[in-house]
Amino acid sequence: MRYIEPHGHMVSRTTDDYQAMVMAGCAAVCEPAFWAGFDRGSVAGFRDYFRQLTEYEPARSAKFLLPHYCWLCLNPKEAEDLALARDVLALIPEFLGGPNVLGIGEIGLNRNTRNELAVLEDHIELAVKYDQLILVHTPHLEDKLKGTNLILDRLKAHRGVKPERVIIDHVEEHTIRRVLDAGFWAGITLYPDSKASPPRAVDMLEVCGHERIWLNSACDWGVSDPLAVPKTALEMRARGHSAEFVDQVLYQNPVRFLSQCPKFLVG
Ligand SMILES: [Zn+2]
């Protein structure tokens, strides 16, 4: 089996995780910029983090023969300090030319606040200006539907945004259809105790088809499983889906989306 981990926060993981992922068939890992578990206090903190994502982590991953790519942004959880957000966004272009940088992400909303929306719009503008792919985080639980609608409205309102170059991540049963119907890609995140489980993810694939959808584990510093994607292949096969079906969802789909960035050289 081969698969892509299109959304993994590897700076939080150990070398054992890299080894296990490669042994399970992982052909590439992509790491969106994320909240550190605490608010970074300065632009210098973000500069160090962007260097970690573009220099150190790909080198660590390469020791396990695993290609590592990343996405850059300021996380919506850190969007309340508008002055800091403005300075961090101004910093991003100097990193966009890095050989492992795929685009802008994971941007989006967390609590659906006015400041988060303002910073989301600035990120969209930045992505369009530099012709970057976009990866979007959608809020949790009761904020998800409203937040997803707000995000889709903002993306659809911008004439420079091409839906086929945007993936809306963390979709659930009540948001996946509107994301796909608007022409965007949808990411299903597999978490042990929230977001989607493997059976729920496969249910969604069976209902919504398997075009423009990828699966990810989002493995981060919280309760999460870096092998959630290959484990979901077991659920697919147990329900009678073919090896070709598994390969399309776990490998071919993410390769198709990510290859829109010419730097993505897997597949
Ligand atoms: Zn994430």
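I began with the convention for angles: those under 35 degrees count as roughly parallel, over 145 as roughly antiparallel, 65 to 115 as roughly perpendicular, and the rest as oblique. I noted that the model is predicted, that local features need pLDDT of at least 70 and side-chain atom pairs count only at pLDDT 80 or more, while totals for chains, interfaces and linings use all residues. Residues are numbered from 1 along each chain as its sequence is written.

**Entry 1. The whole protein**

I looked up the secondary structure and found nine helices and eight strands; helices (H or I, at least four residues) and strands (E, at least two) are DSSP runs, numbered from the N terminus. The radius of gyration is 17 Å, close to the 18 Å from the globule rule for 267 residues, so the protein is as compact as a globular protein of that length. That radius is taken over C-alpha atoms, and the rule is 2.2 Å times the number of residues to the power 0.38. The C-alpha trace spans about 50 × 40 × 35 Å along its principal axes.

I then looked up burial: 44% of the 267 residues are buried. A residue is buried if 20 or more other C-beta atoms lie within 10 Å of its own, exposed if 12 or fewer, and partly exposed in between, with C-beta atoms placed from the backbone.

I traced an open sheet of eight strands in the order 1-2-3-4-5-6-7-8, with parallel pairing; two strands pair if DSSP finds at least two bridges between them. Strand 1 and strand 8 stand at the edges with a single partner strand each, so one side of each lacks a neighbour in the sheet. Neighbouring strands are turned by 25° against each other on average, direction ignored.

I followed the pairing from strand 3, which is joined to strand 4 by three bridges and runs parallel to it. Here Cys70 stands opposite Val101 in strand 4. All eight of the eight residues in strand 4 (residues 101–108) are buried. Four bridges join strand 4 to strand 5, again in parallel, and Gly108 has His137 of strand 5 as its bridge partner. Strand 5 (residues 133–137) is in turn joined by four bridges to strand 6 (residues 166–169), also parallel, with Val136 partnered by Ile168.

**Entry 2. Tyr69**

I located Tyr69 in strand 3 (residues 68–72). Tyr69 counts as buried because it has 28 C-beta neighbours inside 10 Å. Leaving aside neighbours within four places in sequence, I listed its contacts as Ala28, Cys30, Asn100, Leu102 and Phe264; a contact requires C-beta atoms, placed from the backbone, to lie within 7 Å.

**Entry 3. Helix 3 and helix 4**

I looked up how helix 3 (residues 82–91) packs with helix 4 (residues 114–129): the angle is about 10° and the axes are 11 Å apart. Axes are lines fitted to C-alpha atoms, for helices over the stretch in contact, and angles run from 0 to 180 degrees between N-to-C directions. The two helices are therefore roughly parallel. Leu82, Ala85 and Leu89 of helix 3 meet Asn115, Ala118, Val119, Asp122, His123 and Leu126 of helix 4.

**Entry 4. Helix 8**

I found Ala228, Val229, Pro230, Thr232, Ala233 and Met236 buried in helix 8 (residues 228–238). Their cover includes strand 1 (3–5), helix 7 (198–208), strand 8 (213–216) and helix 9 (243–258). Just after helix 8, Gly240 takes a positive phi of about 95°.

Definitions and conventions. Two residues are in contact if their C-beta atoms, placed from the backbone, lie within 7 Å.
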